[in-house]
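Let's walk through this one together, one feature at a time. Ask whatever comes to mind as you look.

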Amino acid sequence: MQRAIRLAHRGLYSTDPNPRVGCVLVKDGNIAGEGWHQKAGEPHAEVLALKQAGDNAKDATAYVTLEPCSHTGKTPPCADALVQAKVARVVVAMQDPNPLVAGQGLKRLQDNGIAVECGLMEAQARALNPGFIKRMETGLPFVRLKLAMSLDGRTAMASGESQWITGDAARRDVQLLRARSSAVITGIGTVLSDDPSMNVRLTAEELNVEHVRQPLRVVLDSALRFPAAAKMTKVDGELLVITTSKNVADNSAYRVISMVEKNGQVDLLAALKYLAKQEINEVHIEAGAVLGGAFLQQRLVDEIVVYMAPHIMGDEARGLFALPGLSEMKDRISLEIQDVRMLAKDIRITAKPKYL
């Protein structure tokens, strides 16, 4: 199963909106075949492993990171392929949260005389697909908030100057986060002040993929101030502007949709629900203190990734979050630190908000 999970990880930048899945077939103590899902619409991990194993698949044990599908989508059911190959046993890391599968694949295997076990290394398997799992279980995408700050928690000088707080290694790491995401969200304030591209600039070779998949770029722009000449309109990939304005007109460079407002701004929960319906699994937020603070204060952030640079920027520089109303210790938002590591001279902290 460890091998299957490592194989699944190879699809980190290419399977979206499908989950990352790996499969290893073992017979007589040897690997008979293996595979991983590489791209939506292409064969699933089980089918590729069975193809590699050939006749050796008969009476083998299949180790799969996610329950084999039992429905026909863009490809036939993997559960049927395992039955037809006459494998003897299937060990699954976790049940598929997709209501179209959700135990039906396991049942189909059992009904055809195949021994089934489920739950081996489930935590590691769930970590492969936080967005897919959350979308299936809650109707919302997994939300990751990226931030860069100085040692004293500042994100920009008082003048607004912010490039570059961190070094090359940290900025490359951010590119990897973008590459694994289904969508990148920013606010109109960031667009107007920084004019970012918000695209993935790593090559296919660097990502070890056939083609670089650009995530959907989303701009939250309540008053529809998005400039027609913005850099975001000049790079590859789909661009969506979400507004509360009713004066929405078609545009060849990007799509605009009007959404309900909350306190005069785009309703963030409604926006996330809309994105989930578009099969958006993982959302990556790169925004200023106001929008980042709003997502956090509304308890919509699942993970925070902070890049901390060895600089002091002073008390007149801009802070990390705008969080009005946090006046007493009881109001603070607790975090569970999940990972801390060095990226050249910078420190990356990965944390999970612990909402009361």
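Q: How many cavities of 30 Å³ or more does a search of the whole structure find?

A: First, some ground rules. This is a predicted model, where local features need pLDDT of at least 70, side-chain atom pairs count only at pLDDT 80 or more, and totals for chains, interfaces and linings use all residues. Residues are numbered from 1 along each chain as its sequence is written, and side-chain values use heavy atoms, with hydrogens and water left out. Now the idea: on a 1 Å grid over the protein atoms alone, a cavity is a set of points where a 1.4 Å probe fits but cannot get out, while a pocket is an open set with protein on both sides within 12 Å along at least five of seven lines. Lining residues have an atom within 4 Å of a point. Grid points are joined across faces, edges and corners, and a volume is the space filled by probe spheres set on the points. Here the search finds 1 cavity of 30 Å³ or more, and the largest cavity has a volume of about 30 Å³.

Q: Which residues line the largest cavity?

A: The lining is made of Asp16, Asn18, Arg20, Asn129, Pro130, Gly131, Phe132, Asn281 and Glu282. To sort them, Ala, Val, Leu, Ile, Met, Phe, Trp, Tyr, Cys and Pro count as nonpolar, Asp, Glu, Lys and Arg as charged, and the others, Gly among them, as polar. That gives 2 nonpolar, 4 polar and 3 charged residues. For elements, helices (H or I, at least four residues) and strands (E, at least two) are DSSP runs, numbered from the N terminus. Helix H6 gives the most to this lining, with 3 residues.

Q: What volume does the second largest pocket have, and what lines it?

A: Its volume is about 920 Å³. There are 30 lining residues, and the closest to the centre are Ala127, Pro130, Arg144, Arg180 and Glu303. Elements giving two or more residues include helix H5 (122-128), helix H6 (130-138) and strand S6 (142-150). H5 supplies the largest share, 5 residues. By class, the lining of this pocket divides into 15 nonpolar, 5 polar and 10 charged.

Q: Is S10 mostly covered or uncovered, and which strands pair with S10?

A: Buried means under 20% relative accessible area, exposed over 50%, and partly exposed in between (1.4 Å probe, protein chains only). S10 is mostly covered, with 5 of its 5 residues buried. Leu239, Val241 and Thr243 point one way, and Leu240 and Ile242 the other way. S10 pairs in the parallel sense with S9 over 4 bridges, and in the parallel sense with S11, also over 4 bridges. Val218 has Leu240 as its bridge partner, and Ile242 has Ile257 in S11.

Q: How many aromatic pairs are there?

A: Rings of Phe, Tyr and Trp (its six-membered ring) pair if their centres lie within 6.5 Å; planes under 30 degrees apart count as stacked, over 60 as edge-to-face and the rest as tilted. The whole structure has 1 such pair. The ring centres of Phe226 and Tyr254 are 4.9 Å apart with planes at 70°, so the pair is edge-to-face. The two residues are 28 apart in the chain, Phe226 in the loop between S9 and S10 and Tyr254 in the loop between S10 and S11. Phe226 is buried at 8%, and Tyr254 is buried at 12%.

Q: Where does the backbone show a cis bond or a positive phi?

A: Most residues other than glycine have a negative phi, and most peptide bonds are trans. The bond from Asp16 to Pro17 is cis, with omega near 5°. Glu279 has a positive phi of about 65° and is partly exposed at 42%. Arg299 has a positive phi of about 60° and is partly exposed at 47%.

Conventions
Pairing = 2+ DSSP bridges.
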